[in-house]
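Please examine the structure shown below.

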Amino acid sequence: MTSAITESVLPQSWERVLSRARGVPPLFVPDALRSSGLVPGGSFYRAPEAKAFRARICAQLESAPHAVLVTGVVPEDAAAASVVIGSLLGNLDYAPSPTLGGAISEVVSAPEVPQDQAWHTDSTPWIVPNRWTVLGMLEPDQGIGDSATAILPWDLVFSGWPEAAPVAHELEGLAFEWRAKFPLLESLRAPIFGSLRRWFRPCLETCLSNPSTGGFAALSALDRRLQTVQGFAEATIRASTVLVLDNSRVVHRGPQVRRTSSRRLIRVKVAGVPE
């Protein structure tokens with residue numbers, strides 16, 4: 001059984017402002033908005049309507065499942081809406097990494113990217129993973145229907161699980177390598193349950209396949225738990241919606257796509273440090 005996700009309506013009055021970035025490639029949407037006067041911390045973001053919208057979604061993100069589906073988005077404005085919502089939540093102006101990316105990227109739904117279809121947190125190889133993730137529809141694929149993104153709070157992973165306390169305790173103190181696939185970058189070792197939670201199974205494959213690895217039992221137990229836990233939330237990202245989730249409190253996974261798809265999303269990573 002899945003749980004419900006909270007919804008919040010985008011202010012209709014924003015359409016006039018967001019439409020200024022229509023037709024702009026996603027990576028350049030922040031620049032287009034700035035050139036139109038939407039400077040972070042500027043008058044638009046200080047307006048009562050924007051402050052009230054921010055307060056509402058921040059309050060909603062505090063409660064499980066720590067995700068909000070923003071509705072009422074004009075489809076042509078999905079990229080701009082995603083960027084503006086991200087800017088309301090936190091910093092998007094951090095320096096991007098040529099290797100690890102930055103605040104704005106595109107996500108393509110495809111069977112060739114199976115890691116996006118399994119439980120994960122975003123930005124595990126970053127020094128500081130982004131706090132919030134915002135996802136908006138750039139190009140839907142009618143052929144795969146209304147495929148949902150699943151959101152699983154860490155609190156739900158631990159709830160009612162007899163092994164939760166010892167597993168969490170062990171994985172708070174053991175550091176794992178998160179940049180093995182980036183040999184030209186400086187190594188990054190950090191715990192799964194440190195001050196910043198990280199989970200990306202491809203980075204842990206070697207440890208999970210080697211029983212002599214430190215923490216193997218705890219790591220394997222968490223992996224099994226993630227594969228069997230129920231009660232997660234689901235949200236369908238459509239042309240008229242934007243999904244916001246708290247990357248520090250949940251793992252998430254994209255829809256199961258078994259064929260090449262034209263489905264593209266904009267992904268906005270708020271408040272992170274890639275390198």
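Which residues form one aromatic cluster? The cluster consists of Trp14, Phe44, Tyr45 and Phe53. The model is predicted, so that local features need pLDDT of at least 70 and side-chain atom pairs count only at pLDDT 80 or more, while totals for chains, interfaces and linings use all residues. Residues are numbered from 1 along each chain as its sequence is written, and side-chain values use heavy atoms, with hydrogens and water left out.

**Aromatic pairs**

Eight aromatic pairs are found in a search of the whole structure. Rings of Phe, Tyr and Trp (its six-membered ring) pair if their centres lie within 6.5 Å; planes under 30 degrees apart count as stacked, over 60 as edge-to-face and the rest as tilted. Two of the pairs are listed here.

| Pair | Centre distance | Plane angle | Class |
|---|---|---|---|
| Tyrosine 94 and tryptophan 126 | 5.8 Å | 70° | edge-to-face |
| Tryptophan 154 and phenylalanine 193 | 5.1 Å | 90° | edge-to-face |

Tyrosine 94 lies in the loop between α5 (78-89) and β3 (104-108), and tryptophan 126 in the loop between β3 and β4 (132-139); the pair thus links distant parts of the chain, 32 residues apart. Helices (H or I, at least four residues) and strands (E, at least two) are DSSP runs, numbered from the N terminus. Tyrosine 94 is buried, at a relative accessible area of 10%, and tryptophan 126 is buried at 1%. Here buried means under 20% relative accessible area, exposed over 50%, and partly exposed in between (1.4 Å probe, protein chains only).

Tryptophan 154 belongs to helix α6 (residues 154-158) and phenylalanine 193 to the loop between β7 (189-191) and α8 (201-208), so this pair ties together parts 39 residues apart in sequence. Tryptophan 154 is buried, with 0% relative accessibility, and phenylalanine 193 is buried, with 7%.

**A charge over a ring**

Arginine 253 lies over the face of phenylalanine 232, at 4.9 Å from the ring centre. This term requires NZ of Lys or CZ of Arg within 6 Å of the ring centre and within 35 degrees of the ring normal.

**The whole chain**

The protein chain contains nine helices and eleven strands. Its C-alpha atoms fill a box of roughly 60 × 45 × 40 Å, taken along the principal axes. Of its 275 residues, 52% count as buried. Among contacts (heavy atoms within 4.5 Å) with a separation of 6 or more, 83% join residues 24 or more positions apart.
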